[in-house]
Amino acid sequence: MDEQVAQPLERSLQAVEGLESTKSTSRTGLTTIQLSLDYGTNMDRARNQVERAISNASDMLPEGVSPTSFAGSFSDFPVVYYAVSGDGSLSAVADRVSANVIPEIERLDGVRQAQLTGADSQYVKVTPDKKKMKDAGLSEQDLQKAISEVGSSVPLGSIEKGTLSLPAETNGAPADLDAWRKLPIAAAAPRGSAPQAPQDRNPKVSLLGDVATVELADEASSSITRTNGELSLALSITKTPEADTVRIVEKIKETLPGLLKDADAEGVVIFDQAEPITDAVSDLTKEGLLGLVFAILVILIFLLSFRATLVTAISIPLSLLATFIGLFGFGYSLNMLTLGALTISIGRVVDDAIVVIENIRRHLANDALDARTERDGTVVSRRESIIHAVREVAGAITASTLTTVAVFAPIAFVSGLAGELFRPFALTVSIALLASLVVSLTIVPVLAYWFISGEKTSRNRKSRNTDAAERLPALQRAYRPVLRSTQKHPVITLVASVVLLAGSIALTPFIKTNMFGDMGETSFDAELALPAGSSLDTTEKQARMVSEKIEGVDGVRDVQYTVGSGTDQLSVMMGGQGSDTAQFIVVVEDSSKVNEARSEVEKQIGELEGLDKDAEFEVSAPGTGGGFNQDITIEVQGNTPETLAEATKKVTDTMRDIPEVTAIKNDLTTTQPTVRVDVDRKKAAEKGLSAQQVGALLNGTIEPLEAGRTTLGFQTYTIKIGEGKTIASLEDLEKLKIPTATGEVTVSDIAKVSQQEKETVVVSRNTDRIAQVTISPTAAGLGAVSAEVSQRLDQIELPDSAHASIGGAATQQEDAFMQLGIAVLLAIAIVYIIMVATFRSLIQPFILLVSIPFAFIGSLLALLITQIPLGLPSLIGMLMLVGIVVTNAIVLIDLINQYRDPAAHRAEGERDAMPLNQAIELGALRRLRPILMTAMATIGAMVPTAFGMTGGSGGFISQPLAVVVIGGLISSTLLTLILVPVLYRLVEGRRERKRLKRESKIKDQNEELLQP
């Protein structure tokens, strides 16, 4: 299969545009070629090019080989997969379903294709009656000659009949079995007989139906599929790219049972894309609503006002509504990614409104600290107070929101799986945050004007700073000693922070890594492997025993297994297997019971009596569903078979006993006994035969004799003569006689028959022969296993001309982590640019840049405490955290800068700008409550998602992200309130001392000039 099928096809497929690599896997009777294309490749164009490449290579393929191509992208994966069974043989069921069910399903709006597979193909079987054949003087070769020479209709031109021109043609091949039975067969003259007289030359003619039975028969099965113990077919249905998955599946589930019932069949759902989507959407919706309630409660606790809380909370539904409109405009649907982004955004979209409302209330309150009067002491109107309050924070919240949005800009340039998955996530969050900014600067102030009480008389503004200490709330009174203490000892505070950061980084080796966590799957896979070479029937008996045991496990709903090479799209995508292997799909009632059922199945099958002692049963690791394979592969290359085998063995032996590994195997260790016939070319030539002719004659003797093809109705069938011969031993094969021009020859006279071990799998990459070592880590152990595999691989001394490279999930994870790491660095650069524009300074933005790494302290500790692995969702959370960390710091530094800006104070008739110490303290005290409110509201909104309060599976992306953000928010809030003022003091204190020294020098110079 590798030499005659895989290599010609693989060479032809190299012309496909956007091709990254090809990988072929050849087994007995089956070759699978996987094409990896660049992300963003037009799949319709690629599919057409693949079909063209297959067509170009068809002339080089053996007769009877008919390649079929499947697109493996998510949009081409079946949305629903049924196991179909019914009364009668599978062929009869397939005929009824194909005629009555498939056309109706394909008429449904949004359905692209419905494919039924698994039925044995049929052929026209001609079984000669030995006695009648002998009486008629016929041989099987006579039947073959007569059938193959029937031919097709031959055009004879046209006949002019009156005014008509009629095309003329001969009759073609028989159109049905009855016509074939009436085919005349003439007996050939015996070899070596004397020439006949002319009057005796008319040969004896018999009808095919008189000397043989002619009927349709099923081909020998290459695979067996059973669902819940019943033989079954596979019905896979795909959708058009623009169709809605959930609606399509619901429509199919409503329509299909009735159609199957009318066709005397029934179906069991094995795989359903809509179920995890609907479950996840339901879970995320519940978690989002709970988060909304928690966020509002946090705001209410801080503001102690129902009116102020409602005005603040109004930004949540308005922002989400604007996000829905934006998603519709960009062509995105509401799915697990976009809904997860909305859930995460609920706490964040209220932050701007909190800052605005808190500032408005402070300006409206009748308090010496917050009083707002004109220069002559008259009371300012509500409208002017609100405008001033909004203006005071507008620049800061605009900059902070744009910063958070800007950190997602690099996602647009992330390629591969991470980019495809998180681009809609980033867009959703960005739209929600921009909408919240608009709402907080427009709608919230208007609502505050109407609903928030507060116009009261005030004392002169000069008293607001002198009475501040006596009128501080309890929260600020508790915070002020901490603030003053850290301000007095900035170096100690900074060193302590660095120690904490270093300690957190030191914990990273203890944090597990993966690509994705639990995907919320409702099924898992398993594999039963018997000793190589086991027959289909032997494997099927063992598989049925295993299936019956699994069906009794609590929580298991359905069990399907396929022995041999399945021909349906799902089986091909999962990888074909030989007759000694059974693939299981176990469907569980609820996603929450999957891990429990998986463990119980593994335990019970391990204790199963009657199972072959050499059989191996392996259950897929948790978290490897959803289309994301976590296997690590090592591809080994060598210039000779011996070198390749030696290198592969070394690699396999070196990788054993790695912690967190559930299985390790390589395709070179899989061999099976094979009967080999070595033709003695000299002896064969003496009999007038070549080695190829010997092989053809043996095949024609052992297998039924092929005599051509015929079309009955709309179906084309192969015609085969005879039953073939059953060979039960090597001796039977040696004694087999094959016909030659000089008479029959015994196989042992021209060939040597022996039993040898042969590889069952041949793998090639880009037409080069390779061996593949597959390492299966646990769901949370991918990162640790990848690191250990890399370390061990570097230490192996391979033979000359051999080399090995890591692939699979390890390289995918490394590439995704690297790209998202670059995205984080780009996000930091973008933050710096925005900060420069906001503060009009190149120095102050560095305060924020230096503080960003300290925010990851909480994230790393949160991952370690919750034992959630660091994966792609967690990295997106850290990217999001970059924007969140600087948000509160921007608002704080902006207010401190306002207090230190002489121009801003003189414009409002105030006294001179505050000194650095006073500006830092007053700014930090003023921003304490809004900083805590925004952090607590965001944390409260994410708590249901982080802790999975609905008990569902919707958080495979949202949960790790929420945990990272919550942990980071806790540390970043402390960072903003303690470390940012310290860093500000260290940077600005030195500049202020220089300024004061310069001013003092100028003052002294002026005084000297004024002295007489």
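Predicted model: local features only at pLDDT ≥ 70, side-chain atom pairs only at ≥ 80, totals over all residues.
Because Asp-178 and Arg-181 lie three residues apart in helix H7 (residues 177–181), about one helical turn separates them; helices are DSSP runs of H or I with at least four residues, numbered from the N terminus. The structure holds 17 salt bridges.

Elsewhere, the axes of H10 (residues 274–303) and H13 (residues 336–348) come within 9 Å and cross at roughly 10°, the axes being lines fitted to C-alpha atoms over the stretch in contact, with angles from 0 to 180 degrees between N-to-C directions. H10 and H13 are therefore roughly parallel to each other, a term for angles under 35 degrees.

Residues are numbered from 1 along each chain as its sequence is written. Local features need pLDDT of at least 70, side-chain atom pairs count only at pLDDT 80 or more, totals for chains, interfaces and linings use all residues, and side-chain values use heavy atoms, leaving out hydrogens and water.

Definitions and conventions. Helix = DSSP H or I, 4+ residues; strand = E, 2+ residues; numbered from the N terminus. Parallel < 35°, antiparallel > 145°, perpendicular 65-115°, else oblique. Salt bridge = Lys/Arg side-chain N within 4 Å of Asp/Glu carboxyl O.
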